[in-house]
Amino acid sequence: MNTYYVYIMASNNNEVLYIGSTNDLLRRVYEHKNHLVEGFTKRYNATKLVYFEETNDINVAGEREKKLKNRHRAYKIRLIEKGNPEWRDLAEDFW
């Protein structure tokens, strides 16, 4: 059974949020942290994993990513702070 993730990366000052989805969260976070991916997270230094959720359905992950991207910033902040009120880098728990 495969696992898919929807995640939120933040800049160090928490001003910038990036939402993505992947089937390999550790690899993807590593890529963001080391600026191996051209684009938004590299440009805005969004390297802190502040939220993630998992599912076994790729379609659910894709739909959830789209829904989160369309939500207002305040909703995203509430979602993050519900499970991570200090905005810790959750990737530190993996390495």
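Let's begin with Phe40, which is partly exposed at a relative accessible area of 32%. Tyr44 is partly exposed too, with 40% relative accessibility. (Buried stands for under 20% relative accessible area, exposed for over 50% and partly exposed for what lies in between, using a 1.4 Å probe and protein chains only.) Everything here comes from a predicted model, where local features need pLDDT of at least 70 and side-chain atom pairs count only at pLDDT 80 or more, while totals for chains, interfaces and linings use all residues. Residues are numbered from 1 along each chain as its sequence is written, and side-chain values use heavy atoms, with hydrogens and water left out.

Phe40 and Tyr44 sit 4 residues apart in helix H2 (residues 40–44), about one turn of the helix. (Helices, H or I with at least four residues, and strands, E with at least two, are DSSP runs numbered from the N terminus.)

## The aromatic rings

A pair of aromatic rings is described by the distance of the centres and the angle of the planes. Rings of Phe, Tyr and Trp (its six-membered ring) pair if their centres lie within 6.5 Å; planes under 30 degrees apart are stacked, over 60 edge-to-face, and the rest tilted. By this rule there are 5 aromatic pairs. One of them is Phe40 with Tyr44, a tilted pair with 4.8 Å from centre to centre and 45° between the planes. Ring pairs also tie Tyr7, Tyr18, Phe40 and Tyr44 together as a cluster.

Elsewhere, Arg71 lies over the face of Tyr75, 3.7 Å from the ring centre. (A charge sits over a ring if NZ of Lys or CZ of Arg is within 6 Å of the ring centre and within 35 degrees of the ring normal.)

## The sheet

Now for the strands. They make an open sheet of 3, in the order E2-E1-E3, with antiparallel pairing. E2 and E3 are the edge strands, each pairing on one side only. (Two strands pair if DSSP finds at least two bridges between them.) Strand E1 (residues 4–11) pairs with E2 over 6 bridges, and the two form a hairpin with 5 residues between them. In that turn, Asn14 has a positive phi of about 65°.

Looking across to E2, Tyr7 has Gly20 as its bridge partner, and Met9 stands opposite Tyr18. How enclosed is strand E2 (residues 17–22)? Of its 6 residues, 5 are buried, so the rest of the structure largely encloses this strand.

Helix H4 (residues 73–83) has Lys76, Leu79 and Ile80 buried. Seen down the axis of H4, its buried residues fall within an arc of 95°, so they line one face of the helix. (That arc is taken from the directions from the helix axis to the C-beta atoms.) On the other side of H4, Arg78 and Lys82 are exposed.

What covers the buried residues of H4? The cover includes E1, E2, strand E3 (46–55) and helix H3 (58–70).

## Glu65 in helix H3

Helix H3 is also where you'll find Glu65. Is Glu65 buried or exposed? Glu65 is buried, with a relative accessible area of 14%. Leaving out residues up to four places away in sequence, Glu65 touches Val6, Ile19, Gly20 and Ser21. (Contact means heavy atoms within 4.5 Å.) Glu65 and Ile8 are 57 residues apart along the chain, and 9.5 Å separates their C-alpha atoms.
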